[in-house]
Amino acid sequence: MSADLVVDSQIRSWVFLPIVVITFLVGILRHYISLLISGQKKLDQNQLRDSQILVRARVLRENAKFIPKAAFILRKQAFNKDGDGYLTRRRPPSTQNLMTDPTLMTDMLKGNLTNVLPMIIIGGWINWMFSGFITTKVPFPLTLRFKSMLQRGIELTHLDASWVSSASWYFLNVFGLRSIYTLVLGENNAADQNKQMEEQMSGAAITMPNDANAPFKAEWEALEILDHHWVLEGVEGRLLRDNKKCARKKWHSMHVIVITQAQTKRSKNALSSV
Amino acid sequence: MSSKSRNGNNRKVVAYSDLAIRNNLSVVEYCRTSMAALSGCTAGVLGLTGLYGAVFYIFAVTSLWFMILFKAGLSNWKNYFISRKALLTNGFFGQLFTYILCWTFIYGMVHVY
């Protein structure tokens with residue numbers, strides 16, 4: 001179905017393409033501005049140490065089967081000793097209240113500023129400047145309910161709902177160009193709003209006031225109940241048993257290596273005593 | 001795909017190299033975005049509308065999945081990815097918007113103007 005409406009080609013060059021270009025460039029601009037505005041995040045040494053302790057405890061738990069029992073118990077004691085272990089040390093409850101903590105507040109403000117505000121401003125400008133005519137036809141059929149949303153400013157009741165105005169073309173651009181920013185700017189770019197919003201939501205959930213001890217308690221419990229089982233137990237027997245044919249040869253070769261090591265040790269001792 | 005994930009001792013325990021998995025997934029994401037853009041342009045040029053366009057997107061995603069599996073080697077894809085199904089359905093909706101954008105754009109350029 002080709003054009004059932006003939007659209008002026010001037011719309012194409014002065015509306016259609018410029019909106020794409022504007023959205024793309026504004027996104028890139030936003031990325032660089034947010035890089036400039038957000039300073040270096042100051043790392044608190046205590047916080048970093050605590051989070052690394054948690055990571056280390058988890059690594060110990062996951063790989064406990066590779067170390068002998070004595071080594072594991074030694075490490076477990078270092079973590080779980082009453083009153084002085086890494087995990088059981090008393091920590092002052094950190095008041096990470098969202099409203100009173102200044103650094104979090106400014107981060108949130110900056111995030112909001114650099115992401116939502118340009119979108120609103122430019123959306124409003126485009127709506128004001130390019131209003132009153134249709135911009136393009138979306139290739140899929142839309143129901144009539146969308147008409148009021150997508151055809152702001154055009155009051156034709158008979159017009160197919162697929163013909164949309166420039167504001168809706170702008171929003172389609174904003175959403176569609178998000179993944180292209182990942183291509184162009186590399187990972188972790190500030191033009192990706194979705195990640196920003198996710199970060200905001202997860203940041204608000206992480207700040208638990210007065211309960212900073214909870215993850216440590218959880219790790220302590222997990223270490224306590226861990227059932228240690230060394231996988232390398234009796235591994236020499238397994239090795240020798242499975243390779244019965246070469247076992248004798250291996251044993252002889254090991255014998256030879258041990259003898260030569262002893263000889264070199266003796267010769268070293270002889271040299272040093274001279 | 002350049003990096004490989006390491007398999008541990010092959011009884012039941014398999015150790016995956018985290019860096020390799022992440023690298024592979026980011027490469028797949030890159031491919032997927034380019035695929036969404038290109039298939040959107042193709043759909044626009046072909047003049048597909050409505051349901052045909054949706055079917056074409058699903059067809060493109062599936063064919064990309066096949067190509068990735070083919071490149072990883074049909075028998076040892078396990079060395080590179082953890083699960084095939086996640087590979088298929090991971091970025092579906094994220095790239096859908098890119099597809100629709102390119103589709104609308106090229107459709108508008110070619111058929112409306």
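Tutor: Let us begin with a definition: a contact means heavy atoms within 4.5 Å. This is a predicted model, in which local features need pLDDT of at least 70 and side-chain atom pairs count only at pLDDT 80 or more, while totals for chains, interfaces and linings use all residues. Residues are numbered from 1 along each chain as its sequence is written, chains are lettered from A and ligands numbered from 1 in the order in which they are written, and side-chain values use heavy atoms, with hydrogens and water left out.

Student: What covers the buried residues of α3(A)?

Tutor: The cover includes α2 (45–62) and α9 (214–224) of chain A. Helices (H or I, at least four residues) and strands (E, at least two) are DSSP runs, numbered from the N terminus. Chain A has eleven helices and two strands.

Student: Which residues of α3(A) are called buried?

Tutor: Buried means under 20% relative accessible area, exposed over 50%, and partly exposed in between (1.4 Å probe, protein chains only). In α3(A), the residues A:Ala71, A:Phe72, A:Lys76, A:Phe79 and A:Asn80 are buried.

Student: Why are they said to lie on the same side of α3(A)?

Tutor: They cover an arc of only 150 degrees around the axis, so they fall on the same side of α3(A); the arc is that of the directions from the helix axis to the C-beta atoms. The face turned away from the buried side of α3(A) carries the exposed residues A:Ala70 and A:Leu74.

Student: What pLDDT does chain A average?

Tutor: Chain A averages 73, and 70% of the residues score at least 70, pLDDT being the predictor's confidence in each residue, from 0 to 100. Over residues 95–99 of chain A the pLDDT is below 50.
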